[in-house]
Amino acid sequence: MSSETSVTNPPTFFVNLPTINLEKATAFFVALNFDHIKLWSDDKSSAFRLPGASSQVSLMIHIHERFKTFNRPGTSVVDAFKSTEALFSFMAKDKASVDAFIEQAVNAGGKADPYVLKNYGQDMGMYNRSFEDLDGHIWEVCSMVGLCPGA
């Protein structure tokens, strides 16, 4: 959990996602070592820094009512179990770190590998796995292990 009493070096990029259950979703991302920024969190939203080298990226999860205030009037919040709204990816230092992160996501209640690339992406110069969070959003964890063919 964050021990920040002020945010003097704020994240430079924000990903905002809806959640059905803020308490469970917050616990899920805390279990994945996302740094919970309590100063920017309340009973309708939770703020985090992504772990490791991605710490300049913030994840904001919001209950549906608040999430709708950030969107065009008249639009619907996507049900991520039925439609793909985006794919969220971040890097790990090596294959073992990718596998460890997926295991951590499963232990926190997520689903491992909702899709699998052929040879786990080796043909594209990476080792890639994915997990589904509690609200159905798909996250990739990748490590660059080689070059893309023709590079």
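Predicted model: local features only at pLDDT ≥ 70, side-chain atom pairs only at ≥ 80, totals over all residues.
Reader: Let's start with the rings. How many aromatic pairs does the count come to?
Author: The count comes to 15 aromatic pairs. One of them is Phe29 with Phe48, a tilted pair. Their ring centres are 5.9 Å apart, and the planes make an angle of 50°.

Reader: Why does that one go down as tilted?
Author: Because 50° falls between the two limits: planes under 30 degrees apart would be stacked, and over 60 would be edge-to-face.

Reader: OK, and where do Phe29 and Phe48 sit in the chain?
Author: Phe29 belongs to helix 1, residues 22–31, while Phe48 is in strand 3, residues 45–49.

Reader: Is Phe29 buried or exposed? And what about Phe48?
Author: Phe29 is buried, at a relative accessible area of 2%. Phe48 is buried too, at 0%.

Reader: Which residues do ring pairs link into a cluster?
Author: Phe29 and Phe48 are both in it, along with Phe28, Phe34, Phe88, Phe90, Phe101, Phe131 and Trp139.

Reader: Switching to charges. What lies over the face of Tyr127?
Author: That's Lys95, at 5.0 Å from the centre of the ring.

Reader: Last one, Met144. Which strand is it in, and what is it in contact with?
Author: Met144 is in strand 8, residues 138–144. Setting aside neighbours within four places in sequence, Met144 is in contact with Met91, Met124, Gly125 and Met126.

Reader: How far apart are the C-alpha atoms of Met144 and Met124?
Author: They are separated by 8.9 Å, and the two residues are 20 apart along the chain.

Methods:
Residues numbered from 1 in each chain as written. Heavy atoms only, no water. Phe/Tyr/Trp six-rings, centres within 6.5 Å; stacked < 30°, edge-to-face > 60°. Helix = DSSP H or I, 4+ residues; strand = E, 2+ residues; numbered from the N terminus. Buried < 20%, exposed > 50% of the residue type's maximum accessible area, 1.4 Å probe, protein only. Lys NZ or Arg CZ within 6 Å of the ring centre and 35° of its normal. Contact = heavy atoms within 4.5 Å.
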